Amino acid sequence: MSEQDTGETGTVEITYFDGTKRTATVVDREVPYPDGKLIVSRTDPKGVITHANQAFIDMSGYCESELIGANHYILRHPDMPAVAFKDLWDTIGRGEKWHGYVKNLCKDGSYYWVKATVIPNVRNGQLVGYTSVRRKPSRRKIEESEALYKTLLAEE
Amino acid sequence: MTFNLSVSPDFAPDHISGWYFFNTWLQRTLDIGIHLELYDSFDAQRKDIRADKFDLIYANPYDASMLVRELGFQAVARPASQPDETVIAVNAESDFHSVEDLVEGCRVATTDDPDVHTMGMIMLESADLDSSNVEIKQHSSYVVGAKNLLNGDADVGFFLKDAYDELSELIRSRMRVLVRSEISVVHHSLLVGPRMAEHIPALQTALLTMQDDAKGKGVLESMGISSWEPMDVEQTEFMIDLIDTLID
């Protein structure tokens, strides 16, 4: 858990890139990333989740049936600037691998940080979806990302 | 025509004879000639893979990527409930009690096993360690890596979980596990090359029923495998995509 966590709970309206809005509970409480695990998910080309491994289910707090069929953006934490996800989509849209540090929102409003890698899944020359693998980031990288995202959010 | 079989060099030494028994069993079952060639170096084996020497390979996930996407191999089976996991261990008396305790300049004992090395380095990332700020020494086997930990020539060691568990009790009692990976979906697989493709249906049937007769079961036991599970194209592609995300 981050030393700065206050445990405060609030609600925030999140607007996703497709115009969808939802009111989410946000709790200032970090869920520590478990050692040795990888969070793995796959989506279709539009970002709709088609596969979630057990670590993803455990960390996000959603059950498998809630994750499958949902858009991956349900994990988006309001502290994440939109420009970070634009970079993700621009990069994988070019068929390239994307790496980044992401603060994810759990179902109960708490959060966890990951180092995420996303790659396009190409079968017989056709894009069929994306695979995202998340791993444990260092505390230094989290602190750097927090500072950067705060600045980027202020500019939005 | 005689086909060529090879096995990823990270198999446990105790199972060498098992792979020879497997080769004999395969030849009798499929009624074809197969020559088994074993390696103790990943690089040497990879050179021969690229030279198109093999038709059947029990490959680690890292090499499976090259075999499937570059050389047209097809995965037909994987050992049941035997995912490839990595262990990071230290000397039992080490001051390091978690990965985050490790510091720049620490000495890492590794092998040329590409999956284990990659996973080991990924698990060091949470301590802000990478190849630029640790001292990596590659050893010829996990036993040699373990000995380096025990005699103080290394601070941490990377091990394939199965290989770690098969180290002698005496060696393991003098080591301590810092972290074990829990990935579950990365595993070795048996892959068939284009020249042998016509034998895939018979091979798959034979493998999936291998544990049902006494002879087949005995061969499996000698290889340290309980049974084979089928692997389809999409399962293989998924595993390869996952490996791709781990390679920078």
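This is a predicted model: local features need pLDDT of at least 70, side-chain atom pairs count only at pLDDT 80 or more; totals for chains, interfaces and linings use all residues.
1. Let's start with a term: "contact" here means heavy atoms within 4.5 Å.

2. Now to helix 3 of chain B, which runs over residues 61-69. Seven of its nine residues are buried, so the helix is largely enclosed by the rest of the structure. The buried ones are B:Pro61, B:Asp63, B:Ala64, B:Ser65, B:Met66, B:Leu67 and B:Val68. What covers them? Among the elements of chain B that do this are helix 2 (42-50), strand 3 (56-59), helix 4 (114-124), strand 10 and helix 10 (233-246).

3. Helix 2 of chain B also holds a residue to look at, B:Gln45. Is B:Gln45 buried or exposed? Its relative accessibility is 1%, and anything under 20% counts as buried, so B:Gln45 is buried. Setting aside neighbours within four places in sequence, B:Gln45 is in contact with B:Ser6, B:Val7, B:Ser8, B:Pro9, B:Tyr39, B:Phe54 and B:Asp63. You have met B:Asp63 already, as one of the buried residues of helix 3.

4. Strand 4 of chain B (residues 74-79) is mostly covered too, with five of its six residues buried. Which strands does strand 4 pair with? One is strand 10 (residues 189-192), in the antiparallel sense and over three bridges. In that pairing, B:Ala77 has B:Leu190 as its bridge partner. Another is strand 11 (residues 228-230), again antiparallel and over three bridges. Here B:Arg78 stands opposite B:Glu229.

5. Two loop residues of chain B deserve a look for their backbone angles. B:Asp31, in the loop between helix 1 (16-30) and strand 2 (33-38), has a positive phi of about 55° although it is not a glycine. B:Asp128, in the loop between helix 4 and strand 7 (135-139), has a positive phi as well, near 60°, and is likewise not a glycine. As for how open they are, B:Asp31 is exposed at a relative accessible area of 70%, while B:Asp128 is partly exposed at 21%.

6. On to chain A, which has four helices and seven strands. Read from the N terminus, the order is β-β-β-β-α-α-α-β-β-β-α. Its radius of gyration is 15 Å, close to the 15 Å that the globule rule gives for 156 residues, so chain A is as compact as a globular protein of that length. The C-alpha trace spans about 50 × 35 × 30 Å along its principal axes.

7. How much of chain A is buried? The figure is 48% of its 156 residues. Among contacts with a separation of 6 or more, 51% come from residues 24 or more positions apart. Chain A exposes about 7700 Å², and carbon and sulfur atoms supply 52% of that. On the charge side, there are 21 positive and 22 negative side chains, with the centres of the two sets 6 Å apart.

8. Last stop: A:Pro137, in the loop between strand 7 (126-135) and helix 4 (139-155) of chain A. A:Pro137 is buried, at a relative accessible area of 7%. Apart from neighbours within four places in sequence, its contacts are A:Tyr101, A:Trp113, A:Val114, A:Lys115, A:Ile142 and B:Ser126. Note the chain letter on B:Ser126. A:Thr151, 14 residues away along the chain, has its C-alpha atom 20 Å from that of A:Pro137.

Terms used:
Residues are numbered from 1 along each chain as its sequence is written. Chains are lettered from A and ligands numbered from 1 in the order in which they are written. Side-chain values use heavy atoms; hydrogens and water are left out. Buried means under 20% relative accessible area, exposed over 50%, partly exposed in between (1.4 Å probe, protein chains only). Two strands pair if DSSP finds at least two bridges between them. The radius of gyration is taken over C-alpha atoms; the globule rule is 2.2 Å times the number of residues to the power 0.38. Accessible areas come from the Shrake-Rupley method with a 1.4 Å probe; for residues, only the protein chains shown count as cover. Lys and Arg count as positive and Asp and Glu as negative; His and the chain ends are not counted. The place of a charge is taken as NZ of Lys, CZ of Arg, CG of Asp or CD of Glu.
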